[in-house]
Amino acid sequence: MPKLYLRTFGCQMNEYDSAKIADVLGAAEGLEPAATPEDADVIVLNTCSVREKAEDKVFADLGRLRGLKRARPDLMIAVGGCVASQEGSAIIERAPFVDVVFGPQTLHRLPQLLERRRASGEPQVDISFPLIEKFDSLPAPREAGGNAGARAFVSIMEGCSKYCSFCVVPYTRGEEVSRPFEDVIAEIAALGVPEVTLLGQNVNAWRGTIGGAPADFAELLHFVCELPVQRVRYTTSHPREFTQRLIDAHGSLPKLAPHVHLPVQSGADRVLAAMKRGYTALEYRSIVRRLRRARPGISVGSDFIVGFPGESEADFAATLALARELELDDSYVFIYSPRPGTPAADLPDDLSREEKTNRLQRLQAQIESQADAIAGRMVGGVETVLVEGHSAKNATELAGRTGNNRVVNFAGDAALIGRFADVRITERKRHSLRGEIAA
């Protein structure tokens, strides 16, 4: 049986795309997963270019594969994702042993690209943006989201039209394109999983037509929550698209998880303007406050970039204040890294690496403290937990995820895997919770 080794870099969107790559190659070529590159007949690197030195990491991986290709010329090596979209034919120039380069929107063409490579002996590159053709060409998934039937990811839109000054996504994934309402509903209905996560670079920018009438993301959520799923999540949302209708949906749809990931990036208006985010810190505060009025107890996490060009100590203090005032939950904090071709890459940047690292550590420490306090308040309460499998550290126990996205380990019957269970939280750990089945 031919084997596929697939390595994924980056975010949940890439994880979703990797699952689809496995489905496409499984259907077209009968490829089964390989445990190591040495066992594979096809190797695919699904890359991400959002963070610093992403290209270097990809070429380092390719360097390790060079010997395999030399020893086995029939081995096919493909590079996909955002680095592929950004670099294109330059990947072949730097690593001539690569057979195929494909973009996020052309992953469905991978079998044809491999076939043309084998027939012609020439490397194949396809990094075009054929709108939603990708979704129309994908086979049914062999396994729901790769999560053993517990939860699944469903991409509802692709690309980004916001053009933040620091971000490469619009250039590597193209403009925002929404999947048709009927296609989204049909995919979710066919999955048969208790929890679904809707995905998009700006997921709440989804727009479509329902019953002949224009519809927004909030309207879509109402229909998704009518399906036989028990919990609905979405990521990643953008403050510019976080409408009052979406806030109201959190108050009226109990199936929506009590957790929102809403990137703010900075608490300083001057920095937000330089980032071209399109909102102020006050507007962000207003969204979170209205969201918590609509859904008391909802958890809000965020993304932050520290050390953006021109960020002063006062700007950073404003970021600390915003995170503290809104008691933001577990969040991602990154040091700014210039991405090739973005406007911010040309901005003067006089802040030292040491100071950027210091700010990163200060913000991370504050966020971790806030997240720990939120976890502490959960002790003694009962949480509805989706049981995803056995505990990573103790195979005799189970592990699940709460509505506010925390992992809970507890003793229980394996028959609970793939189902929801009420779990009483008994203890908080550094990065997880402990619990027991509630009576």
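Mentor: Happy to! N204, R207, D216, F217, A218, E241, T243 and L246 line the largest cavity (on a 1 Å grid over the protein atoms alone, a set of points where a 1.4 Å probe fits but cannot get out; lining residues have an atom within 4 Å of a point). About 30 Å³ of space lies in this cavity (the volume filled by probe spheres set on grid points joined across faces, edges and corners). The structure holds 1 cavity of 30 Å³ or more.

Keep in mind that this is a predicted model, with local features needing pLDDT of at least 70, side-chain atom pairs pLDDT 80 or more, and totals for chains, interfaces and linings using all residues. Numbering starts from 1 along each chain as its sequence is written, and side-chain values use heavy atoms, without hydrogens or water.

T235 and T236 are joined by a cis peptide bond, with omega about -5°. T236 belongs to the loop between β13 (231-235) and α10 (244-252) (DSSP runs numbered from the N terminus: helices are H or I, at least four residues; strands are E, at least two). Q265 is not a glycine, yet its phi is positive, about 75°. You will find Q265 in the loop between β14 (259-261) and α11 (269-275).

Now go back to the start of the chain. An open sheet of 6 strands with parallel pairing (at least two DSSP bridges between two strands) runs in the order β2-β1-β3-β4-β5-β6. Its edges are β2 and β6 (124-126), and each has a single partner strand, so one side of each is left without a neighbour in the sheet. Strand β1 (residues 3-8) is parallel to β2 (residues 32-33), with 2 bridges between them. In that pair, K3 is the bridge partner of E32, and L4 that of P33. β1 also pairs in the parallel sense with β3 (residues 42-47), here over 5 bridges, and in β3 the residue opposite L4 is V42.

α1 lies across β1, β3 and β5 (100-102), at about 155° to β3 (between N-to-C directions, on a 0 to 180 degree scale, of axes fitted to C-alpha atoms, for helices over the stretch in contact). Helix α5 (residues 110-120) packs on the sheet as well, touching β3, β4 (76-81), β5 and β6, with its direction at about 155° to that of β5 (contact is heavy atoms within 4.5 Å).

Antiparallel strands β18 (residues 382-390) and β21 (residues 420-428) share 5 bridges, with T384 partnering D422. β19 (residues 398-401) is antiparallel to β20 (residues 407-411) over 4 bridges, and R401 faces V407 there. The hairpin of β19 and β20 has 5 residues between its strands, and N405 takes a positive phi near 75°. β20 then runs parallel to β22, with 4 bridges, F410 being the bridge partner of G435.

Terms used. On a 1 Å grid over the protein atoms alone, a cavity is a set of points where a 1.4 Å probe fits but cannot get out, and a pocket is an open set with protein on both sides within 12 Å along at least five of seven lines; lining residues have an atom within 4 Å of a point.
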